Amino acid sequence: MANVSSFRRSQGVIFVAFLFTTFIVGIAGALQSPTLSRFLTFEVKADPRLVGLFFSVNALASIIGSFLLAKYSDKKGDRRNIVIFCCLMGVVNSVIFAFSRHYYILITLGVLFAALSSAAMPQVFALAREYAVKTGRNVVAFNSLIRAQLSLAWVIGPPLSFGLAIHYGFTVMYLSAMSMFFVAMLFAAFFLPSVEKNPVLQIDNTIDIKSANQSLFKNRNVVYLLLSTVFMWTANMMYIIDMPLYVNSILHLSDSLPGKLMGLAAGIEIPAMLIAGYLVPVLGKRNLFFIAIICGLLFYVGMILFTDEFALFALQLFNALFIGIVANIGIIYFQDLLPTRMGVASTLFNNGIICSTILAGIIQGFVSESYGHEIIYWIAFAMVAISLLFCALVKDKH
């Protein structure tokens, strides 16, 4: 009985460690991302095209860095050690952004360390999936609870980011992000577990190994799901990049409003993703994706039609359902399609988001300068519609 009690306490500590690490890494990201376009525009004095270029180069570097680390982790790397390494790179990156205002330093050294730190979150989710399988936990529910911490971080992070940047300056804001990465690094080192690769194979012997290990680009379901992910997240990233500028420059609303809108959406995402996690056995991942994308279409229609503050707050319900469902179910969807490559699957989902940042940065930078901010939301609507078409092509086998 003593051994059983000790084992349960150990599992409880590890579960809390996953929640806390995800939350702290999420806070670090939520401090940096929402104000990046503002930082580059007003502190670095970059024009819209250079802002768009920065987002694209940063995203491309993150795709390469995180994918290389994912392949290494699936073959022989200890995911816990990789999470620690990524957090250390996040510390260095935050210091560079805190003290440099030189565009070319930021787009070289800053982007390099950002790329190396970008694998932290997908590695945490890959490790969590393997740990959940090994210990017999409900994988979807376990992932939902961990993913909810990321949304909780985005409830707190964006308003805090704008508050720190506006009232205390970007140096304080980036040093705050640095401290978050440092705390996450220590917590991962002391409390996250090491798990052997592919424990799912020891439990589910019905998996077609040959199919699961085939080339990513020969797996049509993976390709279609990736394309659907890229288009839906391109719309979302255009919104994140453009909305703070649109609200201030075009709508002439409060400087703090963008942070409040992002925080509200993230707050609604938490119950949305938890409920979605428990609805997977009833509705299936594919149908939940359809529901989410339809909410996305409604959100961007609202962004096109409405401009007052109350309407923008109300529209966050559709935005939260859209992002909350696909952010939670999407990573599980990729993992189910690639059960022998958890690191690659988790990173593929994450890189779909990062790839979207490349497209979003290019589109937002060039289109907003030439045609204004309003056209961005028409393009976002079209992106979500295309995402719906690709989602319909994915065959639901689970």
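**Aromatic rings and a nonpolar patch**

Arg137 lies over the face of Phe15, 5.2 Å from the ring centre; a charge counts as over a ring if NZ of Lys or CZ of Arg is within 6 Å of the ring centre and within 35 degrees of the ring normal. What you're looking at is a predicted model, where local features need pLDDT of at least 70 and side-chain atom pairs count only at pLDDT 80 or more, while totals for chains, interfaces and linings use all residues. Residues are numbered from 1 along each chain as its sequence is written, and side-chain values use heavy atoms, leaving out hydrogens and water.

**Charges over rings**

- Besides Arg137 over Phe15, there's Lys285, which lies over the face of Tyr333 at 5.8 Å from the ring centre.

**Ring pairs and a cluster**

- There are 21 aromatic pairs here, counting rings of Phe, Tyr and Trp (its six-membered ring) with centres within 6.5 Å; planes under 30 degrees apart are stacked, over 60 edge-to-face and the rest tilted.
- Phe20 and Phe187 make a tilted pair, 4.3 Å centre to centre with 45 degrees between the planes.
- Phe20 sits in helix α1 (residues 2-32) and Phe187 in helix α8, so this pair ties together parts 167 residues apart in sequence; helices are DSSP runs (H or I, at least four residues), numbered from the N terminus.
- Phe187 also pairs with Phe191: the ring centres are 4.7 Å apart and the planes at 45 degrees, so that pair is tilted.
- Both Phe187 and Phe191 belong to helix α8, four residues apart, or about one turn of the helix.
- Elsewhere on the list of rings, Phe39, Phe54, Phe97, Tyr103, Tyr104, Phe170 and Tyr174 form one aromatic cluster.

**How exposed are these Phe side chains?**

- Phe20 is partly exposed at 29% relative accessible area, where partly exposed falls between buried (under 20%) and exposed (over 50%), using a 1.4 Å probe and protein chains only.
- Phe187 is partly exposed too, at 21%.
- Phe191 comes in at 37%, again partly exposed.

**The nonpolar patch**

- Val13, Phe182, Leu186, Phe190 and Phe191 make a nonpolar surface patch of about 500 Å²; patch residues have over 30% relative accessible area and no salt bridge, with nonpolar side chains (Val, Leu, Ile, Met, Phe, Trp, Tyr) joined within 5 Å.
- Accessible areas come from the Shrake-Rupley method with a 1.4 Å probe, and a salt bridge is a side-chain nitrogen of Lys or Arg within 4 Å of a carboxyl oxygen of Asp or Glu.
- Helix α8 (residues 170-191) gives the patch its largest share, four residues.
- Phe182 is found in helix α8 and is partly exposed, at 42%.

How values were computed:
Patch = residues over 30% accessible without salt bridge, like charges linked within 9 Å, V, L, I, M, F, W, Y side chains within 5 Å. Helix = DSSP H or I, 4+ residues; strand = E, 2+ residues; numbered from the N terminus.
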